[in-house]
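I opened this notebook to record what I looked up in one structure. The entries follow in the order in which I made them.

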Amino acid sequence: MSKIQKAVSEIKSIEELANEDRWVNQVHPLVKLCVTILYIGTVVSFSKYNLSGLLVMAVYPVILFIMNDISVKDALWRMRVVLPLVCVAGIFNPFFDRQAVMTVGQIEITGGVISMLTLMLKGVFTVSASYLLIATTTIEKICCALEICHLPKSLVMQVWLIYRYISVLLAETQRVVQAYELRAPGQKGIHFKVWGSLMGRILLRSMDRAEVIYESMCLRGFDGVFRLKKEIRFCARDAVYLVLWIVIFAVLRYFAVGQMIGTMF
């Protein structure tokens, strides 16, 4: 299986997770979107030296992974491209901040090391929260939540179409790459001299396919308005879910829960 086919397979796997009939999947998409944004904002608000306070924020992704029975191994594999990038953000902090802030045994821990770990954890938590939102909410429901937030309809439609037809673009790319490989047997990879022509070919094919898709949508009555198959209603379960996480985030943010747990052990 090629890399492109693997990418398409991973997209389908995430869609299957989002379409499963689980409790969290049935929560109103706007509630899950608000909780995700609130969680990311809370995580980012911690100071760069508050490592103990940030550690307890792992409760949100851990609970969602367990409740939805989502494989952590598969999640890390799908986030393999993004996680190293967010972890590199503070890798140079130990070289600039060398002042010792604590001692573990006979080893001095500098503020740069603490801030580096804090920035890495922030990146891991925020990316995990975004992944959990996608893995528990279909793209249609996410777009519905964005429309409720009064984002421009054209922007919401672009988000939906890009996600929905990314697999079509990957399939077109696979055909172009396969045609090149058949004309260059024994060659490993694509020679850099033909990168421009291949990208141009992919662009032209995608433009032709986009025109055909648009005409098909117009023939089926598309008028530029995004519509869900069924109405999503807000219920008491959604209110409980939202209020519960707001309370948990507030407690974890404004009380030294991490230090309390540390003193207990």
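**Entry 1: Overall picture**

I began with contacts, meaning heavy atoms within 4.5 Å: residues 24 or more positions apart account for 76% of the contacts in the protein with a separation of 6 or more. I note that this is a predicted model, in which local features need pLDDT of at least 70 and side-chain atom pairs count only at pLDDT 80 or more, while totals for chains, interfaces and linings use all residues. Residues are numbered from 1 along each chain as its sequence is written, and side-chain values use heavy atoms, with hydrogens and water left out.

I then looked up the secondary structure, taken as DSSP runs numbered from the N terminus (helices H or I, at least four residues; strands E, at least two). The protein has 13 helices and two strands.

**Entry 2: Surface and burial**

I found an accessible surface of about 16900 Å², by the Shrake-Rupley method with a 1.4 Å probe. Carbon and sulfur atoms hold 66% of that surface. For single residues, I call those under 20% relative accessible area buried, those over 50% exposed and those in between partly exposed (1.4 Å probe, protein chains only). Of the 265 residues, 33% are buried.

**Entry 3: Nonpolar cores**

I searched for nonpolar cores, which are sets of buried Ala, Val, Leu, Ile, Met, Phe, Trp, Tyr and Cys residues joined through side-chain atoms within 4.5 Å. Which members of the largest core touch the most other members? Among its 33 residues, they are Tyr39, Met57, Tyr60, Tyr131 and Tyr241. Helices H1 (3-18), H2 (29-45), H3 (51-55), H4 (59-67), H8 (111-136) and H12 (236-254) each supply at least two residues. H8 gives the largest share, eight residues.

A second, separate core has ten residues, including Leu33, Leu133, Ala145 and Trp160.

**Entry 4: Helix H9**

I listed the buried residues of H9 (residues 139-148) as Ile139, Ile142, Cys143, Cys144, Ala145 and Leu146. They pack against H2, H8 and helix H10 (153-183). Just after H9, His150 takes a positive phi of about 65 degrees.

**Entry 5: Cysteines**

I searched the whole structure for disulfides (pairs of cysteine sulfur atoms within 2.5 Å) and found zero. For Cys149, the nearest cysteine sulfur is that of Cys34, 5.7 Å away. Why does Cys149 count as partly exposed? It does so because its relative accessibility is 39%. Cys235 is likewise partly exposed, at 32%.
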